[in-house]
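Dear colleague,

Please find below the structure that I am handing over to you.

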Amino acid sequence: MKRKKICVIGGGFGGISAAILLASKGHDVTIIDKRDKLGGRGYQYELNGFKFDGGPTVMTAPYIFDDLFKAAGKNREDYFTFVPLDPFYRIFHENGDYFDFLKNHEDVIKQIEKWNPSDSKRYNRFIKNTTEIFRLLHPYTDKPFHELKNMLKILPGVIQLGAYKGTHRYISSYFKDDFLRKVFSFHPLLIGGNPFQTPALFLLILQFEKQWGVHYATGGTGSVVDGLGRLFQDVGGNVMLNTEVTEILINNKAATGVRMTDGSVIKADIVISNSDVANTYRNLIPENLRKKYSNRKIDRYQYSSSLFVIYFGTKKRYTDSPLAHHNIIMCKNYKNLLKEIFDGSSLPDDLALYLHMPTITDSSIAPEGCESFYVLSLVPNLKADINWDEVSEAYKNKILQYLEDHYLPGLKENIIAEHFINPPHFSNTLNSHYGAAFSFRPNLLQSAYFRPHNRSEEFENLYFAGAGTHPGAGVPAVMSSGKIVAELIDPR
Ligand SMILES: Cc1cc2nc3c(=O)[nH]c(=O)nc-3n(C[C@H](O)[C@H](O)[C@H](O)COP(=O)(O)OP(=O)(O)OC[C@H]3O[C@@H](n4cnc5c(N)ncnc54)[C@H](O)[C@@H]3O)c2cc1C
């Protein structure tokens, strides 16, 4: 195949993966990103001697990284290291007791028995059936989904396995205990879906973790981004940072290059957008050139929630707390809270949190004797009428106070580094439509064939890699989208 000039808009995991694979095949590839570092949502903040991973912390399926490096003729281990974690997650009941999501099957059964012995009897069947869901869907996670006939192929299996049901409903047929139902149905939250609405087919993620484990990259996810960045340069790729694309040039229904904020133009044979799909269509291509993806259609999609994330470092360690590396803190009115987050129009009162405490595994990312954290709260996206300039400070203090009262005594007086992001960050810095943290919601009618395709349905030479296209959000998924795009462009 003739060497192509390829522009990749955005250096998130999806964009970098596509870029590495295509540069490895000899193409002239340039990643253009508006931020000062690669990584997108995986941006690593450095503050007062602390390194805070901005986004993804739960790494699974290391084979996806290994395959990428192999395709580029390199070894992943020469770039960064994964350390397996066990428990994968510690999930706290509102009364402070917790469930450990452990790697070993028998150990999980023992955890279930602590909550409800009779539920442990159905765990084997639950795993067997979710393994069937995995077998049915996994082959499609790194292949394009451009044809309706593929949907028809999987549909009988989806119906037979009941995987079309909402995850919480599906889980409830195996577990009677209310807390266990929450424990085994939270995975859709990791990709921006409400467990009460998202189809059980996304229990695929639970199976990914069961089969390949949950890992931490030494030095944080930032070291993965650095490793991918180095790999890209090693295979001859170019990176332009602090550069925003304002327009995808279209001629005769085909992408021909990109225009930047300063008006300069890069001509290209192929454009890959790793920028949010909704943003790409809505803001980078004039509406009069679009037929299928009108502004109205884009606005009518259902979007994922947004997030409020506080990164904080303390001058003391909290190793005597009950916390693990990954903690999920449930609340009593969980169902109602999720309804308010996904479909409400104001900031809910209740809190359900994810608390990351990476220094438990890796003290190198904080100054000596210090602890590093991030706490994440799901919040409504910008479709809700919330004035974030007015409420952010109070909301931040409310979360920190909650943590101080329940998990981290004396927290506020021990904080020596702090930063937060809120929905406007997702909209303004990451160019995500409505500030959605995970792009389109993973609903049945917004997944697979029904998600905007990896190859633009409207324009020649335009492709999508990232959370808004197939297969969806989450690091393994967006990296798979990068692979799909690279194979569509150059199947050699
Ligand atoms: C707080 C948080 C925690 C998460 N935790 C996990 C986790 O533990 N595990 C997991 O697997 N997933 C997790 N996710 C989801 C996962 O991080 C994302 O789905 C994934 O990283 C998105 O990658 P992407 O390829 O879509 O690109 P993005 O990360 O969205 O990056 C897109 C890039 O494009 C750039 N860009 C956009 N528009 C332009 C433009 N016009 N010109 C130039 N550059 C542009 C942006 O600056 C950005 O760098 C988390 C997400 C968040 C926000």
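**A buried lysine, and what surrounds it**

K396 is buried, with a relative accessible area of 6%; buried means under 20% relative accessible area, exposed over 50% and partly exposed in between, for a 1.4 Å probe and protein chains only. The model is a predicted one, in which local features need pLDDT of at least 70 and side-chain atom pairs count only at pLDDT 80 or more, whereas totals for chains, interfaces and linings use all residues. Residues are numbered from 1 along each chain as its sequence is written, and side-chain values use heavy atoms, with hydrogens and water left out.

K396 belongs to helix 14 (residues 388–406). Helices (H or I, at least four residues) and strands (E, at least two) are DSSP runs, numbered from the N terminus. Leaving aside residues up to four places away in sequence, K396 touches F308, I310, E418 and F420, where contact means heavy atoms within 4.5 Å.

**Nonpolar cores**

The largest nonpolar core has 116 residues, of which F99, F101, F126, F184 and I272 touch the most other members. Such a core is a set of buried Ala, Val, Leu, Ile, Met, Phe, Trp, Tyr and Cys residues joined through side-chain atoms within 4.5 Å. Helix 1 (residues 13–24) gives the most to this core, namely 8 residues. The contacts of F184, not counting residues up to four places away in sequence, include F99, F101, Y123, F126 and L203. A second, separate core of 26 residues includes F312, Y318, Y395 and L411.

**Helix 13**

Which residues of helix 13 are buried? In this helix (residues 334–343) they are Y334, L337, L338, I341 and F342. Seen down the helix axis, these buried residues fall within an arc of 120 degrees, so they line one face of helix 13; the arc is that of the directions from the helix axis to the C-beta atoms. K335 and K339 are exposed on the other side. Helix 8 (178–183) and strand 18 (371–379) are among the elements that cover the buried residues.

**The second largest pocket**

The second largest pocket has a volume of about 270 Å³. A pocket is found on a 1 Å grid over the protein atoms alone, as an open set of points where a 1.4 Å probe fits, with protein on both sides within 12 Å along at least five of seven lines; lining residues have an atom within 4 Å of a point. Grid points are joined across faces, edges and corners, and the volume is the space filled by probe spheres set on the points.

The lining consists of 14 residues, and L21, D67, L68, A71 and K483 lie nearest the centre of the pocket. Helix 2 provides the largest share, 5 residues, and helix 1, helix 2 (62–71) and helix 17 (475–489) each supply at least two.

**Backbone details**

Most residues other than glycine have a negative phi, and most peptide bonds are trans. The bond from D86 to P87 is cis, with omega near 5 degrees, and P87 sits in the loop between strand 6 (82–85) and strand 7 (89–92). H470 and P471 are also joined by a cis peptide bond, with omega about 5 degrees.

A61, although not a glycine, has a positive phi of about 50 degrees; A61 is buried at 0% relative accessible area. K253 has a positive phi of about 65 degrees and, at 34% relative accessibility, counts as partly exposed.

With kind regards
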